[in-house]
Amino acid sequence: TRLPLAHEAPYRQDLGAVALAVDPALALAARLGLALLFASAAAHKLRDPDAFRAALAGYRLAPEWTHGPAVVALIAAELGVAFLLVASERGAVPAALLLALYSAAITSGLARGLREIDCGCFGPAARQPLSAGLIARNLALVALALVAALPAGARGLTWLDAVAIGAAVALATLLY
């Protein structure tokens, strides 16, 4: 092995292998945006758990007796993922997995012709029927979570990064 030269990227491991790294501001913006998304989704479900239970029942994926525990588990998972995303980059993988689970449920529903049921994403006030667009949206969010799961580069964050992160999260929220 050799010591890296000054002009080489800080994440270069050796002459033959380069690890992927993401800018720390981008990773933090992605994590905070996803945390806001999960916290908001959980809050909507907490406001009307019966409506969320009805949305889950519409998917017809499990026996009725499992719907109550599933409501509790999914809301807890969303809140837990939101907390993990804020606390650590390790929250990005569970976020991707939960979004992939939701994508699989939507795909299953569409494959079985359940196009008119509510997706259950944001509570009864934001009723949305199942669609390929929801799958595409979730897969884009999975990709974002996987980017956030990459190791962050070595540079420190500055006040300008804080402004950019805040603006990025605000813009993503408005666009969403």
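Modeller: The largest pocket holds about 500 Å³ of space, where a pocket is, on a 1 Å grid over the protein atoms alone, an open set of points where a 1.4 Å probe fits, with protein on both sides within 12 Å along at least five of seven lines, and lining residues have an atom within 4 Å of a point. The volume is the space filled by probe spheres set on the points, which are joined across faces, edges and corners. Rolling a probe the size of a water molecule over the atoms shows where empty space is left.

This is a predicted model, in which local features need pLDDT of at least 70 and side-chain atom pairs count only at pLDDT 80 or more, while totals for chains, interfaces and linings use all residues. Residues are numbered from 1 along each chain as its sequence is written, and side-chain values use heavy atoms, with hydrogens and water left out.

The lining of the pocket is made up of 29 residues, and those nearest its centre are Phe52, Leu56, Leu74, Tyr102 and Ala105. Two or more lining residues come from each of helix H1 (24-47), helix H2 (49-59), helix H3 (67-87), helix H4 (92-111) and helix H5 (132-149), helices being DSSP runs of H or I with at least four residues, and strands runs of E with at least two, numbered from the N terminus. The most is given by H4, with 6 residues. By class, the lining has 22 nonpolar, 4 polar and 3 charged residues, where Ala, Val, Leu, Ile, Met, Phe, Trp, Tyr, Cys and Pro count as nonpolar, Asp, Glu, Lys and Arg as charged, and the others, Gly among them, as polar.

Helix H4 also holds alanine 96, which counts as buried because its relative accessibility is 6%, buried meaning under 20% relative accessible area, exposed over 50% and partly exposed in between, with a 1.4 Å probe and protein chains only. Leaving aside neighbours within four places in sequence, alanine 96 is in contact with Val142, Ala145 and Leu146, contact meaning heavy atoms within 4.5 Å. From alanine 96 to valine 147 the C-alpha distance is 9.9 Å, although 51 residues separate them in sequence.
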